[in-house]
Amino acid sequence: MSTEMNEDRPQESAIRSILRTLAPEDAELLKRLIVRFAGQPFSDDARITVKSSGRSGAELELSFIRLRRAGLIQAVKKAWGEKLYYIPLESLGLLYRQFFTPKAEAVPDSNVRRISEAKPGLALDLLHALAAAAEHGLPLTAKGTVHKKNIQKLLEAVHLKGSDLEALQLQYAHAETYPMVVAVLLDMMLCLGLAVKESQGILLEEEQLGEWLGLSEQEMNRVLLPAVLDRYGMSSPALQHFRYLLCHPSFQPGVWYDMTNMLDWMEREVLLTRSVSEAGARAWMTAMAGFGWGDTGEDGSGRCCFRWAMDPAFVLASGGEDREMAGEGRFYVQPDFDVIVPPDVPYRIRWKLLACSERVQSERMSIYRLTRSSTARAVENGMSAAEMTQLLDNFSSGGVPENVRLALEQWGREIGRTRFEEAMLLSCSVEEDGDRIEGHPKLKGHLQRIGPKHFLVNPDAVPEVRKILDSSGLSPLKAIAEPGRTVSAYPLIHDSTPDLAGQRIDEEKFRQTGLSAAGGLVYSGRNIQYFEPDSDIPKPESLFPGYGQVPKMWTQDFRNYHGTTAQHIMEQALEWQTKVLISRGGSRLEFIPRAIRSHPWAVEGTLFDPERDGYEDGTLLSPGDWEQIRLIVPSFT
């Protein structure tokens with residue numbers, strides 16, 4: 001039984017329309033394939049082991065062809081021609097809601113001891129990790145891995161910890177160098193296209209980054225949750241069942257549920273074996289808390305409990321929030337230079353704040369701090385003190401305290417008035433500053449004036465000269481300029497006029513990128529992105545070679561045939577994997593031949609009694625065991 005969301009994405013609407021017109025026998029096969037494989041790829045050899053009582057191989061093949069034509073099953077082709085089939089991840093969540101209603105038993109809050117609390121969230125962690133990457137860079141060693149000190153900067157920027165992820169048993173590149181948290185952060189950056197790996201380092205993609213920061217946090221979660229479901233869960237179908245069913249609308253946000261009870265229900269539905277899968281299910285719920293999406297706990301008897309901090313069914317199924325309702329939150333600038341940032345402040349504004357401030361606290365209510373050094377860093381990256389003040393004026397609630405405004409103005413006058421250039425040329429903004437430097441007693445012997453605004457500096461004396469200039473109100477920029485090139489390490493994402501339709505497109509683009517990416521670090525259980533898509537779907541008539549040469553009476557007349565002819569009919573049914581209708585003891589029965597024996601001739605197969613809805617596997621029939629016979633060929637036109 002399915003639960004409809006308020007508004008579907010166009011793709012989900014199309015899938016719902018297909019499901020409404022799907023024949024019951026096709027829907028049954030699709031459900032059986034989900035139970036067996038979940039979203040994992042499967043081969044022809046594995047597929048033909050999925051049986052359905054009362055249906056012949058030909059009937060199942062025709063259903064499979066119809067599912068492929070409907071796009072509910074897709075395929076890729078390996079280099080040597082073997083096909084792999086899979087249920088597209090973008091439709092998998094809807095299919096779970098269509099076919100399953102999990103046992104959701106609520107537990108009173110007072111009965112649950114919380115073990116893991118939802119952290120601020122993956123979207124916020126990713127923002128701060130991207131800001132750390134922008135500020136400090138992600139240079140690579142000769143072995144192709146990020147430098148240790150830069151790895152540490154990423155770890156310091158986020159709330160996600162190794163203990164949140166360790167039980168997931170993730171497999172990823174450079175596991176000997178990268179802590180699991182860093183692997184996940186880099187994997188997300190790369191697979192969403194927010195960064196690209198080059199020979200010199202992992203570099204942020206400014207255009208993609210700007211589009212990402214233009215999304216609301218809820219839109220980001222609609223990208224991140226499907227990607228996490230696919231990339232970081234164990235690949236067994238049983239645990240994939242658990243991951244998707246945990247997102248079912250039966251589980252409402254803010255309510256504790258007995259997960260042990262759900263696992264028992266899944267075992268009864270033959271979706272998993274609890275003793276094998278319970279540890280993996282607990283590991284997944286712990287990761288959900290680490291990603292900020294839920295809490296884990298136990299009741300008094302040690303039964304596992306879980307509570308969503310968001311509505312996963314809405315996140316996975318909805319076509320998008322009303323952006324007018326989403327609002328544009330504002331931050332608060334305090335006289336002590338702290339900037340209090342509530343959760344509803346857009347990420348594109350947070351990004352600019354991070355360019356000119358230091359992180360003090362990155363909880364749901366974040367605190368950033370304006371300092372002289374953060375102002376210097378902003379100036380180095382192309383944001384002037386005047387632009388900082390304008391940012392604070394435009395997006396703060398209650399305005400900018402006068403002491404903060406005056407400090408920014410003062411810092412702006414001091415910072416960047418001098419700069420070191422390669423070959424240790426000290427350059428001033430104005431000639432008057434050059435005169436001050438030339439007359440400074442502590443600088444004599446360290447530099448030589450070669451023009452009104454330029455000095456040659458002894459390279460060994462740069463740290464000392466920098467310190468003296470800083471204390472004299474002539475602070476140089478931290479970076480040393482390279483000839484003919486000015487580099488902004490921190491991309492300043494400039495606002496554009498909001499385009500709601502475009503933002504919807506951006507979100508869907510990121511979703512598809514995250515689900516199909518082959519460039520991340522983590523090895524996901526699905527490897528279909530490495531193979532060529534295969535759109536070659538067999539024609540139904542190809543299942544019945546030589547159909548036109550078979551006597552029509554075999555398929556039309558239910559009658560007694562000569563013994564040899566009856567054997568030929570059975571052999572034809574075996575070749576086409578279809579049924580025959582036979583009469584036996586006055587009853588009409590259906591029989592699916594599985595194998596022919598010789599000397600003496602006999603046929604082994606499955607015998608069905610449609611009236612009793614019962615079947616007998618391994619039935620052995622000899623020519624005298626039936627009276628009348630007809631070849632049953634399912635409609636394939």
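Domain 1 and domain 2 bury about 1,100 Å² between them, and 61% of that lies on carbon and sulfur atoms. Buried area here is the accessible area (1.4 Å probe) that two parts lose on being put together, summed over both.

Before selecting anything, note that this is a predicted model, where local features need pLDDT of at least 70, side-chain atom pairs count only at pLDDT 80 or more, and totals for chains, interfaces and linings use all residues. Residues are numbered from 1 along each chain as its sequence is written, and side-chain values use heavy atoms, leaving out hydrogens and water.

**Stop 1: the two domains.** Select 10–99 for domain 1 and 109–316 for domain 2. These bounds come from an automatic or database domain assignment. The domain centres, taken over C-alpha atoms, are 28 Å apart.

**Stop 2: the interface.** Show contacts (heavy atoms within 4.5 Å). Here 13 residues of domain 1 meet twelve residues of domain 2. Five residue pairs across this interface are in polar contact, both residues at pLDDT 80 or more. A polar contact is a pair of N or O atoms within 3.5 Å; within protein, one must be able to donate a hydrogen and the other to accept it, and residues adjacent in sequence count only if both atoms are side-chain atoms.

**Stop 3: the domain 1 side.** Colour α2 (24–37) and α5 (89–99). Helices are DSSP runs (H or I, at least four residues), numbered from the N terminus. Each of α2 and α5 supplies at least two residues of the side touching domain 2. The largest share, five residues, comes from α5.

**Stop 4: Arg 231.** Select helix α11 (residues 217–231), where Arg 231 is found. Arg 231 counts as buried because its relative accessibility is 4%, with buried meaning under 20% relative accessible area (1.4 Å probe, protein chains only).

Note on methods
Buried < 20%, exposed > 50% of the residue type's maximum accessible area, 1.4 Å probe, protein only.
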